[in-house]
Amino acid sequence: MKADKYIKNYINGALVPPLSGEYFDNISPANGEVYSHIPDSDQADVQQAVDAAQKAFKEWSSFGVEKRFRILSRIADIIEQNLETFAMAETTDSGKPISMSKTVDIPRAHANLRFFATAIMHFASESHFMEGHAINFTLRQPIGVVGCISPWNLPLYLFTWKIAPALAAGNCVVAKPSEITPMTAYLLAKACMEAGLPPGVLNIVHGYGPKAGQAIVEHPNIKAISFTGGTSTGREIARTAAPMFKKLSLELGGKNPNIIFADCDFDRMIFDTLRSSFSNNGQICLCGSRIFVEKPIYEKFRDELVKRTQFLKVGDPFSPMTDLGALVSRSHKEKVMSYIELAKVEGGTILCGGKAVEMQGQLANGYYLRPTVIEGLEVGCRTNMEEIFGPVVTLTPFETEEEVIQYANMVDYGLSATVWTQDISRAHRVAEQLQAGVVWINCWLLRDLRTPFGGVKNSGVGREGGLEALRFFTEPKNVCIKY
Ligand code: NAD
């Protein structure tokens with residue numbers, strides 16, 4: 001299996017060029033160079049994919065869960081056996097450290113497939129007994145052809161997080177990965193072919209969001225859309241899909257609080273706070289970019305975080321020593337830097353970072369930025385309210401529990417929150433009041449794939465994960481039998 005120079009669409013079981021014959025460049029963020037070419041697919045390619053998916057649906061949906069389990073498990077095995085190839089492709093596309101691709105992104109991708117392959121074997125529906133005269137049962141049937149659209153920050157990890165439950169539940173899929181990081185989705189197509197996935201069950205169409213993505217969203221025969229990406233894109237998708245009465249799952253942006261009380265286990269907290277601030281260059285929707293610290297430990301925390309941040313190694317994504325690789329694109333780096341400038345205008349003090357890293361030699365044109373810690377901002381300023389999605393955190397001291405809950409909840413987002421305290425009553429009180437879909441107490445990014453995952457407010461609609469995803473990708477039908 002190899003990452004080819006010309007990526008192809010995967011339609012009806014075959015790797016095919018876009019019908020228009022048009023491609024655009026795929027750029028490696030590590031060095032700013034074009035290293036492959038991506039199909040510029042349009043409505044015509046999506047139509048072919050939908051036709052293939054519709055044709056495959058009858059057989060796939062009546063295949064039986066065990067056969068679906070076997071094929072999905074085989075795909076998982078192939079990804080695992082090709083870990084090196086997948087990890088290299090993920091790092092080349094995204095600029096993330098190879099250590100992360102090898103230990104997080106790709107292992108999670110095959111875990112997703114295995115998780116839903118096995119989950120479908122145990123998935124059951126309810127029955128409601130009306131004593132003495134009738135029984136209802138809920139038939140959970142696959143929806144038909146569904147659309148899955150994913151972002152660039154955790155490319156194969158999030159792509160498979162949608163595709164696996166959709167396929168396990170018996171749907172056929174038309175999927176589009178981010179045009180910024182398409183290579184592992186291309187390799188996934190090869191893995192599906194090797195695993196013997198029947199033609200048309202999964203179709204992967206590459207291309208731009210407003211063109212190929214929009215064609216998926218507006219296609220009348222695609223009955224559900226599972227989307228992960230930015231809040232403004234989610235709004236656009238809902239505008240198209242909601243009047244068509246499509247089922248919608250939207251996993252959107254975040255601006256997550258990390259709340260640190262003075263009684264926390266300082267060593268554990270500081271270790272995880274460094275991770276939650278700068279993992280994947282802060283390009284994880286769950287990163288805690290607003291750090292609130294109780295006053296008695298504010299200075300100690302600030303000095304320790306800055307010291308540890310300055311030790312982080314920014315550099316070649318392929319070096320095993322690298323902590324932070326390249327940001328995903330030139331335009332994203334510029335966006336992050338514009339927020340650092342905004343923070344200065346808003347009165348913030350840059351405690352460390354704040355600048356691009358000038359690399360030498362082959363990496364000179366890559367998109368590198370020093371991890372940045374800022375203090376002294378008003379809690380409600382734009383830097384503290386808008387998603388930056390980069391290696392930038394802000395520090396704000398607080399005095400009371402009520403005050404910090406108000407700070408945490410004052411943004412339009414509500415994806416995740418982290419709380420550090422040894423006081424179990426306070427942990428429960430605060431978790432209950434935080435407006436977030438996920439709350440971590442004394443940990444961060446500890447994921448159990450069975451749990452519901454998603455956000456409130458502008459962070460999304462619906463939940464992924466575990467049975468929630470299988471419920472999303474099935475239509476419940478109540479059958480009432482009188483006897
Ligand atoms: P994005 O919204 O720009 O793109 C996401 C996907 O949508 C891409 O595949 C893109 O091509 C496609 N797209 C764009 N416009 C479209 C349209 N009009 N119709 C259909 N598809 C369209 O997001 P991004 O920049 O790739 O990702 C970063 C964002 O994703 C951040 O806001 C981050 O918080 C969010 N995110 C959220 C989660 C979560 O679980 N809530 C996880 C990861 C990332």
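## The shell around the ligand

Three elements, α7 (209-218), β10 (224-228) and α8 (231-241), each put at least two residues into the shell around the ligand; helices (H or I, at least four residues) and strands (E, at least two) are DSSP runs numbered from the N terminus. The top contributor is α7, with 5 residues. This is a predicted model, so local features need pLDDT of at least 70 and side-chain atom pairs pLDDT 80 or more, while totals for chains, interfaces and linings use all residues. Numbering starts from 1 along each chain as its sequence is written, and side-chain values use heavy atoms, without hydrogens or water.

By type, the shell splits into 14 nonpolar, 12 polar and 4 charged residues, with Gly counted as polar.

## Between two domains

Domain 1 (9-252 + 459-482) and domain 2 (257-450) both give residues to the shell, so the ligand lies between them. The domain bounds come from an automatic or database assignment.

## Polar contacts

Now for the polar contacts (N or O pairs within 3.5 Å). Glu 387 has a polar side-chain atom 2.5 Å from a ligand oxygen. On its own the ligand has 850 Å² of accessible area (Shrake-Rupley, 1.4 Å probe), and the protein covers 89% of that.

Notes: A polar contact is a pair of N or O atoms within 3.5 Å; within protein, one must be able to donate a hydrogen and the other to accept it, and residues adjacent in sequence count only if both atoms are side-chain atoms.
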